[in-house]
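Morning, everyone. Please look at the screen while I walk you through one protein chain.

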Amino acid sequence: MAASLAQLDLRGTGYCASFNFRRAARAVTRLYDVAFQGTKIRSTQFTILIAAAKAQAASISTLGSILLIDSTTLTRSLAKLQKQGLIAISKRAERRQRFVTLTDAGVDALEEALPNWRAAQKRFEATIGPDFWLDFRRELERLAYVSVDLEASEGRGRLPQPTAL
């Protein structure tokens with residue numbers, strides 16, 4: 001028999017890390033999506049293009065480590081970017097890896113989006129404070145490592161250690 005809502009013990013769930021991170025991530029994503037209106041990309045695509053540009057030519061597994069995205073989700077996202085003509089994905093090379101590079105259209109899309117990103121980032125940092133942001137950014141990086149380690153310690157680790165850009 002299914003438990004009724006009144007029987008559920010929901011104490012402490014408001015402190016759930018996943019709930020709070022996802023909530024904040026959705027709000028921040030919307031902020032940047034608004035900033036990217038009128039460009040050819042969304043904020044989620046921007047992050048992938050930035051990672052690919054900084055690590056070019058990057059293997060798909062390297063991009064997964066940088067972005068902490070599982071290979072299935074990343075492959076699906078990369079296919080959309082490839083269909084838009086923003087990236088090129090090589091055929092399988094040595095060690096069966098495929099490499100991602102930005103196309104000229106991808107570089108143009110970043111060139112168009114970067115001023116919008118800079119404006120949104122400047123507003124964001126000015127609002128929360130640049131020192132707070134730098135400290136919080138370091139803590140976010142640490143939390144990424146902790147989360148990957150916890151997942152691996154439970155025998156469920158499928159993502160490699162995060163790779164910083």
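What share of contacts between residues at least 6 apart in sequence join residues at least 24 apart? In this protein chain, 52% do. Contact here means heavy atoms within 4.5 Å.

Two ground rules. This is a predicted model, where local features need pLDDT of at least 70 and side-chain atom pairs count only at pLDDT 80 or more, while totals for chains, interfaces and linings use all residues. Residues are numbered from 1 along each chain as its sequence is written, and side-chain values use heavy atoms, with hydrogens and water left out.

Now the overall picture. The chain has 6 helices and 3 strands. Both are DSSP runs numbered from the N terminus: helices are H or I with at least four residues, strands are E with at least two. Along the sequence the pattern reads α-α-β-α-α-β-β-α-α. The C-alpha trace spans about 55 × 45 × 35 Å along its principal axes. Of the 165 residues, 24% are buried. Buried means under 20% relative accessible area, exposed means over 50%, and partly exposed is in between, with a 1.4 Å probe and protein chains only.

Next, the sheet. The 3 strands form an open sheet in the order S1-S3-S2, with antiparallel pairing. Its edge strands are S1 (58–59) and S2 (87–89), each pairing on one side only. Strands pair if DSSP finds at least two bridges between them. S1 and S3 (residues 99–102) have 2 bridges. Serine 59 has phenylalanine 99 in S3 as its bridge partner.

On to helix H5. Among the buried residues of H5 are Gly106, Ala109 and Leu110. Their cover includes helix H1 (17–35), helix H2 (43–54), S3 and helix H6 (130–153). Just after H5, glycine 129 takes a positive phi of about 100°.

Last stop: glutamine 121. This residue sits in H5, residues 104–128. Why do we call glutamine 121 buried? Because its relative accessible area is 12%. Leaving aside neighbours within four places in sequence, glutamine 121 is in contact with Tyr32 and Trp133. That's my tour.
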